[in-house]
Amino acid sequence: MESNMNAPLSPEQRKTKTRSNPFHREANVTGWLFVSPMALGFLVLLLGPLLLAFYMSLTDWPLLGEPTFVGLDNYKAIFQDEEFWTVVGNTFTFAAGLVPMNIVLALGLALLLARKLPGIGIFRTAIFVPVMTSLIVWAIVWKYLFATDTGFINQILQLFGITGPAWLYNPQLAMPVVIVTSVLKNVGLNMVLFIAALQQVPVHLYEAARIDGAGRARQFFQITVPMISPTIFLTTLLTIIGSLKVFGQIYVMTQGGPGDSTKVLVYYIWEKAFKNFEFGYASALAFVLFFIIFVFTLLQWQYRKRWVFHEE
């Protein structure tokens, strides 16, 4: 009898004993109570709307009236829509202009401001403040600065006898203006991330490199860049995703014009949904955008091992 009582329990017996323990049941209930607000929020605010949007993308869903199930017709219509390809091209143009400029400028500012000098915090704060500024307010201010007749930029040019162009009404200039203002708005965030990364680079690596006769350029490309490559990867990934989802500054500054020169994908989705009331088509466009972002993210994640230091 004693040998049977002291024998170790099998895994099935331990599970049965644990489940029958009232303290275990109480712990389970307590755990679910703590998790329930997050789980409920996920179901109601994320998963539910996502499933509804996918269903809408399979329907002809007008503002008024009953939706009609059309299957994949909306997706077929998207790829036959010439305006869609123009919009996708504009979106990629915006991303191609913003991402390198943002990363290079942020890294350059971080290299200048990572030093421990008196008053350096003032400059860091000044560059980071636009990140905390409302995007709409920022876009409105820059829209007035680039106004054709009374804008501050053209007023400065007139002091030198130069007639300023219609910045936001010129198809060749409108997109570069939006790109530059977007870079100035968000460069502070990447700058802070780069400063944090630069401060984690071991000082003895630079000391050893100087002893070996390495100059500043060689130290930068052979020590700094490899050591902060995970942060470069992170900032590049986040900046690409943000650039593909650009909307606010386009809506305020150009509204997709002149013509369709600055009409990007998210603005096109908004236009289809809330101007043309084609909610099914707009939902299909949203899932196409999700697929584009997913593919870019997946490609970057797969290729990170080739250039991110310490990745295996």
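**Transmembrane regions**

I looked up the record for this chain: an unreviewed UniProt entry places the feature "transmembrane region" at residues 29-55, 92-114, 126-145, 173-198, 219-244 and 279-299. UniProt positions are given in the numbering used here, feature names are shortened, and annotations may be inferred rather than shown by experiment. I noted that this is a predicted model, in which local features need pLDDT of at least 70, side-chain atom pairs count only at pLDDT 80 or more, and totals for chains, interfaces and linings use all residues. Residues are numbered from 1 along each chain as its sequence is written, and side-chain values use heavy atoms, with hydrogens and water left out.

I then examined two of these stretches. Residues 126-145 are 90% helix and 0% strand, with the end C-alpha atoms 19 Å apart. Residues 279-299 are 100% helix and 0% strand, and here the end C-alpha atoms are 30 Å apart. Helices (H or I, at least four residues) and strands (E, at least two) are DSSP runs, numbered from the N terminus.

**Nonpolar cores**

I next searched for nonpolar cores, that is, sets of buried Ala, Val, Leu, Ile, Met, Phe, Trp, Tyr and Cys residues joined through side-chain atoms within 4.5 Å. Buried means under 20% relative accessible area, exposed over 50%, and partly exposed in between (1.4 Å probe, protein chains only). The largest core has 57 residues, and Ile78, Phe84, Phe94, Met191, Phe194, Ile228 and Leu285 touch the most other members. Elements giving two or more residues to this core include α4 (73-79), α5 (82-113), α9 (174-198) and α15 (279-303). The most comes from α5, with 13 residues.

I listed the contacts (heavy atoms within 4.5 Å) of one member. Not counting residues up to four places away in sequence, Ile228 touches Leu107, Phe194, Ala197, Leu198 and Val201. Another core, of nine residues, lies apart from the largest one; Trp138, Ala139, Phe146 and Trp167 are among its members.

**Helix α14**

I asked how enclosed α14 is. Eight of its ten residues are buried, so α14 is largely enclosed by the rest of the structure. Among the buried residues are Glu271 and Lys272. The cover over the buried residues of α14 includes α5, α12, α13 (248-253) and α15.

**Aromatic pairs**

I applied a ring rule: rings of Phe, Tyr and Trp (its six-membered ring) pair if their centres lie within 6.5 Å; planes under 30 degrees apart count as stacked, over 60 as edge-to-face and the rest as tilted. The count comes to 18 aromatic pairs. Tyr267 and Trp270 form a tilted pair, because their ring centres are 5.4 Å apart and their planes stand at 40°. These two residues are three apart in helix α14, so about one helical turn separates them. Tyr267 is buried, at 1% relative accessibility.

Phe274 and Phe279 form an edge-to-face pair, 5.9 Å centre to centre with 85° between the planes. Phe274 is exposed at 53% relative accessibility, whereas Phe279 is buried at 16%. I also found that ring pairs link Trp138, Trp142, Phe146 and Trp167 into a cluster.

**Thr239**

My last entry concerns Thr239, which lies in helix α12. Thr239 counts as buried, at 9% relative accessibility. Its side chain makes a polar contact with the side chain of Asn190 at 3.1 Å. A polar contact is a pair of N or O atoms within 3.5 Å; within protein, one must be able to donate a hydrogen and the other to accept it, and residues adjacent in sequence count only if both atoms are side-chain atoms.
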